Structure formats: structure tokens, C-alpha cells
Amino acid sequence: MDTALLIEKSILVVLLFLVSLGAAAYMTYFERKLAAWIQDRVGPDRAGPFGILQPIADGVKMFLKEDFIPSKADKWLFIIGPGLAMFTALITSAVIPWGPKLHLFGRDITLQVADINIGILYVFGVISIGVYGIMIGGWASNNKYSLYGAIRASSQMISYELAMGVSAITIVLLSGSLSLNDIVNGQKDVWNIFYQPLAFLIFFICALAELNRAPFDLPECESELVGGYHTEYSSMKLGLYLFSEYTSMFVSSAIMSILFFGGYNFPGMSHFSGNTLAILGILAFAVKIFIFIFVIMWIRWTIPRFRFDQLMHLGWKTLLPLSLINLLITGIVIAYQNGWF
Amino acid sequence: MSLQVISIILGSLTIASALMVILSKHPVRSVIYLVVTFFFITSMYIMMNAQFLAIVNMIVYAGAIMVLFLFVLMLLNLNKEVEPVTNRGAQISALIAGGSLFLVLISALKETLILGQNYRTQDSSIGLVKELGNLLFSKYIVAFEITSILFIAAMVGAILLAKREKQIIE
């Protein structure tokens, strides 16, 4: 491996890390402002102009709070929990293609850390281990509310992973590849959403459930479980849990725009080339991610929470059969187009 | 050379975490060490360029089966007092059974050690999903289909068992 490539990838990794964390920090501000707007309030406006420094103030506050570990807690697992949650939230961004090739210093720079040919499976692998952070943290707290939160989180995530995976398989069938790069390049002319609106709907609902966002935020449902799995957490450990939720929101918005909305593709992109195309592509991708984040937040402040049995019914009895039927129809249509009948 | 060093480090870490599974006193910690072991095995697959197998190992074992293990263990009331006491006879028979399995595995692995050298000289795309799919749907189609029928039978059986139990409770 040549050194230039190594430097290039390291810069990209650090940049992605900073961008995901920065985006997560400013998403908290954006969410509070949006909630205020929806509820006809002002929202944070003290720190800096329009309260723009609020995330920094929150971060400093989180760090300066007392870091408390309950005496009956499993100390090591209590510490590992939030770290694991943040880790799994961050590593997904490694396989996301953020834009077309950038041409800098006489080199073609791919804006993707690793173009592995099983990209989408990697994403699902990370999602499936993402539940450990919440589970371990909730159990190690030695508190019944935390344990209930952890149990709810894990059963919810296992249930919704299935329908999510099946609806993603339809996209794999369409593009004929597991690599996220190929999936994006296959959508140059028509985005997948026009072929697979149902799969998108299922995927989006499941993503909300996987993120533990309202209306599926039962693991941290304040009216029943105090704070859910992070009841006993304080200081930056709590901060990491809250932060990881926003980071995974950012990453899953990126995944959804890749799978269904053409990633960095935008209408009329054949008129551009080179670095202009790359920058416009990154901007288009950022706009799509932003719209997804906005919709997710909008849903949170609009729709009330589900009951737990409703959540399970929706997952197993509605979304999973629907996604299987959708997969079957897609398979038949693709087989027909290839002249099987 | 450096590949060999990495695989030796990974192998010893795998064995260390696997040992911790049986040595650690607390069941939840055992499960977590088992998850770590699966991760090391995943990394071994990646070293052999079997990307698909690696990620499936991660999704199925570390992601699904171990979550269920952890789920069940969390719901049990695990105190020192209720820890099951195993008698000496069970321990000795377990030792003999496990030891003979270990011997059989060693004798089987001795053969594969020689075969294992081949993957380096072969095409590097051998572990990729395309090759695997082509093989599964041509050469091994019968075995593959029979396995899927077995899986469906097991699934139907599990659902039936769960259903019957529920009716008794109601």
C-alpha cells in the first residue's frame, strides 16, 4: 500500500469522524429549534446569536457534571456500554460513498473509506451489534427501569431488523450488487424510490424503530420508564448515549438516501464533470441527508408514542409480510425481464 | 511475513477470549466474551478474504444468536445462591466428552492444514459473494435446497411449539 493512499484514507477517516460528531452536535440544536417552532415557542436563544453556541455549552456541561457509578452496578460493563453505543454509531460511515471522485494534487480521491463488495451487509452487521451498547448499559445499571429499557430496545431492534433487511434485499436485487458504490452508480438515471416505494416506506419505519426514535422510543419512554436504559447514567456517559442516537440518525439518513434516493446523484448531473461534479454531488447528498433528518424530527414532534404490543404487531404482522410480498413481486418481475418465463 | 504475525496475534486473542468464556464466573460476562470471540473469528475470515462469510458470521452469531443469549440471561435472576451446583461425576463426564471432541477436531484439522495452504495461490475472488452464489446454485444446489427445507421445517416446528405453549397458559 502506498503512503499517499494511507494519508488520504486517514484524512478521510478523521474528517468523517469530525463531521459525524459535529453534525450530531448541531442536530441537537436543530431538534430543539424545530420542536420550539412546532410548539410555537422560541427555543434555545441565550448562547450566542440565535443560540447557535448551545451545543457547545451543552457539551461542556456534560463533561463537567459528576460522573456517577451506582454502587450495585457492574462497573466495567457500565463503562463499556456508552462507548459501545458510540462506536457502533460511528463505524457505519466507513462504507458510505459521500460523493463522486474528487481530483486533487494529481490524484483521484474516492470519497469512501472502504469500498467493500458487501457494503450493505456490513451496514446490517453493524446495526445488529448496535443493540449491545444499550443492552449492556441497561443491564449493568442494576436498575429495573434500565433493565426494562434494555429489554424493550433489544426485542424491538431484533423485530425490526428483519423487515428492514428484507426490504433492503429488494434494492440488492434491483442493482445486482451488495456494494453501496454500485448501488449509487446504478441510480444515475432513475432513483430506486420510483421502483420501490413500498420498500422505502418499510425501510423508513424500521429505521425509526432501530434508532429508538419517536414514535418508537419505548426503550427510553419517560412516562413509563423514567429514562429507560440510561436512567442511571450521568455526565458524558449519558452524553455519549444521547450523542450516539444523533450520530446514528445522521448515518441512517445517509444510508436511506443511498439506497432509495440515489446517494450523491442529482438531476442534470451529466452537465457537470470533474471537481464541480464532486462538490455538487456532496452538496446534493448533504441536502438529502438534511431532509431525512428534518422528517425524522418532524415525526417525533407530531406522532404520539406507540404501545409496546402495537409495536410488535406492526413489526411482525404488518411490515414483515408486506416486505416479503414486495420481495417476491420484485423477484418475479426481475426474472420475467430476464426472460425466465 | 506480516500476515503471519497478524494471524498469530489474532489466533492467540481468539483462544484467550474463548478461554475467558469458560473461566469467567459471571454468565453475562461469559456471553460478552463469546461475542468478542466471534469478532475475532470474523477477523480471521477477513484475513482469508472470505468477506461474505465474515459478515454473515457477524450478523448471525454476534448479532442475532448472542443477543438472544444475553436477553435470556438478563431475565434470569442470577445470584450466587441460585447458581447450579454441578457434581463431580458430571464434571468428569463433561471433561471426557469435551476432551474426545477436541481430539477428533485436532485429527480432522491436521488434514485441513495442508489443504489450507491452497487458498493463497488461488484466485483472490474465491471468498466473494458472487463466487459463493454461483457455487451454491450450481454445484451444491441439492445440498443447499435440502438445507433450506430443513430450516423451514425447524421454523415451523418452533412456531408450533410456541403457539401450543401459549394456548396452555391462556
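Before you colour anything, a definition: buried means under 20% relative accessible area, exposed over 50%, and partly exposed in between (1.4 Å probe, protein chains only). This is a predicted model, in which local features need pLDDT of at least 70, side-chain atom pairs count only at pLDDT 80 or more, and totals for chains, interfaces and linings use all residues. Residues are numbered from 1 along each chain as its sequence is written, chains are lettered from A and ligands numbered from 1 in the order in which they are written, and side-chain values use heavy atoms, with hydrogens and water left out.

Start with chain A. Of its 341 residues, 53% count as buried. The C-alpha trace spans about 65 × 50 × 45 Å along its principal axes. A compact globule with 341 residues would have a radius of gyration near 20 Å, and the 21 Å of chain A agrees with that (taken over C-alpha atoms; the rule is 2.2 Å times the number of residues to the power 0.38).

Switch to cartoon. Chain A has 11 helices and two strands, where helices (H or I, at least four residues) and strands (E, at least two) are DSSP runs numbered from the N terminus. The pattern along the sequence is α-α-α-β-β-α-α-α-α-α-α-α-α. Among contacts (heavy atoms within 4.5 Å) in chain A with a separation of 6 or more, 80% are between residues 24 or more positions apart.

Most residues other than glycine have a negative phi. Select A:Asp40, where phi is positive, near 60°. A:Asp40 sits in the loop between α1 (3-38) and α2 (54-64) of chain A and is exposed, with a relative accessible area of 72%. Next, pick A:Ser235, with phi near 55°. A:Ser235 is in helix α9 (residues 235-260) of chain A. Buried or exposed, this A:Ser235? Buried, at 8% relative accessibility.

Last stop: chain B. Select α1 (residues 2-23) and α2 (residues 27-47), which pack at about 160° with axes 8 Å apart; axes are lines fitted to C-alpha atoms, for helices over the stretch in contact, and angles run from 0 to 180 degrees between N-to-C directions. α1(B) and α2(B) are therefore roughly antiparallel (over 145 degrees). Show side chains at their contact: B:Leu10 and B:Leu13 are among those from α1(B), and B:Phe40 and B:Ile41 are among those from α2(B).

Terms used
Parallel < 35°, antiparallel > 145°, perpendicular 65-115°, else oblique.
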